[in-house]
Amino acid sequence: MAVPQSKDELLASMEKSWLTLQKKLDRIPVDIAFTPLLEGHASGTTMSAANLVSYLLGWGEQVIYWHQQEASGKQIDFPAAGFKWNELGKLAQKYYSDYADITDWLTLRAKLEQCYHALVMLVESYSDEALYQQQWYGKWTRGRMIQFNTVSPWNNATSRLNALLKTSTAAK
């Protein structure tokens, strides 16, 4: 799918990527969801499907938090407080840890779904102009930053889950 250039395209891209991701997550057996079978986000690490969902949840909530910071007149912490863009592997580890107390696959997925709906509401709350016709962070528009940190990770996660589902362990 082409990079969204409008609010409608962003919402369509979000929906398409989200539905594809959900189909893959639906196929992950509960008994392996918390087993580290995937290459991790940091070099030399492994992660579970639950870690991957935690990562997506972390980024989704981070995008929402950026907008909460902006709305309250605060300086936005990009990418997150205490992290730089060249430390995304460490940030991924933080996101895994943030949701490690959720040990039920369906509960974790439900939390991700709530986050998805909040992200859709966030996008819907902005005009096309606010999303795509002005810079928001450096050279990037608000819409592009939302896409970078939602749709792109969802697509990457779908690819990772495809690889997992091709293994004999996961193909039950």
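**Contacts, packing and burial**

Mentor: Start with Ala157, which is in contact with Leu21, Leu52 and Leu56 once neighbours within four places in sequence are left aside. Contact here means heavy atoms within 4.5 Å. This is a predicted model, in which local features need pLDDT of at least 70 and side-chain atom pairs count only at pLDDT 80 or more, while totals for chains, interfaces and linings use all residues. Residues are numbered from 1 along each chain as its sequence is written, and side-chain values use heavy atoms, with hydrogens and water left out.

Trainee: Why is Ala157 called buried?

Mentor: The relative accessible area of Ala157 is 1%. Buried means under 20% (exposed is over 50%, partly exposed lies in between, with a 1.4 Å probe and protein chains only), so the label applies. Ala157 lies in helix 7. Ala157 and Leu52 are 105 residues apart in sequence, yet 7.0 Å apart in space, C-alpha to C-alpha.

Trainee: What makes helix 1 and helix 7 roughly parallel?

Mentor: Helix 1 (residues 7–26) and helix 7 (residues 151–166) pack at about 25°, with axes 9 Å apart. Angles under 35 degrees count as roughly parallel, over 145 as roughly antiparallel, 65 to 115 as roughly perpendicular and the rest as oblique. Helix 1 is therefore roughly parallel to helix 7. The axes are lines fitted to C-alpha atoms, for helices over the stretch in contact, and the angles run from 0 to 180 degrees between N-to-C directions. The helices themselves are DSSP runs (H or I, at least four residues; strands are E, at least two), numbered from the N terminus.

Trainee: Which hand does the crossing of helix 1 and helix 7 have?

Mentor: The crossing of helix 1 and helix 7 is left-handed. That term is used if the near helix is turned anticlockwise from the far one by less than a right angle; clockwise makes a crossing right-handed. By class, the residues in this contact of helix 1 with helix 7 are nine nonpolar, six polar and one charged. Ala, Val, Leu, Ile, Met, Phe, Trp, Tyr, Cys and Pro count as nonpolar, Asp, Glu, Lys and Arg as charged, and the others, Gly among them, as polar.

Trainee: What makes helix 2 roughly parallel to helix 4?

Mentor: Helix 2 and helix 4 (residues 105–124) have axes that come within 9 Å and cross at roughly 30°. That places helix 2 roughly parallel to helix 4. This crossing of helix 2 and helix 4 is left-handed, and the contact has 14 nonpolar, three polar and two charged residues.

Trainee: Why does Gly60 count as buried?

Mentor: Gly60 has 2% relative accessibility, so it counts as buried. Gly60 is found in helix 2 and, leaving aside neighbours within four places in sequence, is in contact with Cys115 and Leu119. From Gly60 to Tyr116 the C-alpha distance is 7.2 Å, across 56 residues in sequence.

Trainee: Why is the pair of Trp66 and Trp136 called tilted?

Mentor: Rings of Phe, Tyr and Trp (its six-membered ring) pair if their centres lie within 6.5 Å; planes under 30 degrees apart count as stacked, over 60 as edge-to-face and the rest as tilted. This rule gives 14 aromatic pairs. For Trp66 and Trp136 the centres are 6.3 Å apart and the planes 55° apart, which is tilted. Trp66 is in helix 2 (residues 49–71) and Trp136 in strand 3 (residues 135–137), so the pair ties together parts 70 residues apart in sequence. Both Trp66 and Trp136 are buried.

Trainee: Why is helix 6 described as largely enclosed?

Mentor: Seven of the eight residues of helix 6 are buried, so the rest of the structure largely encloses it. One of them is Arg142, at a relative accessible area of 7%. Not counting residues up to four places away in sequence, Arg142 touches His67, Glu70, Tyr126, Ala130, Leu131, Gln134 and Trp136.
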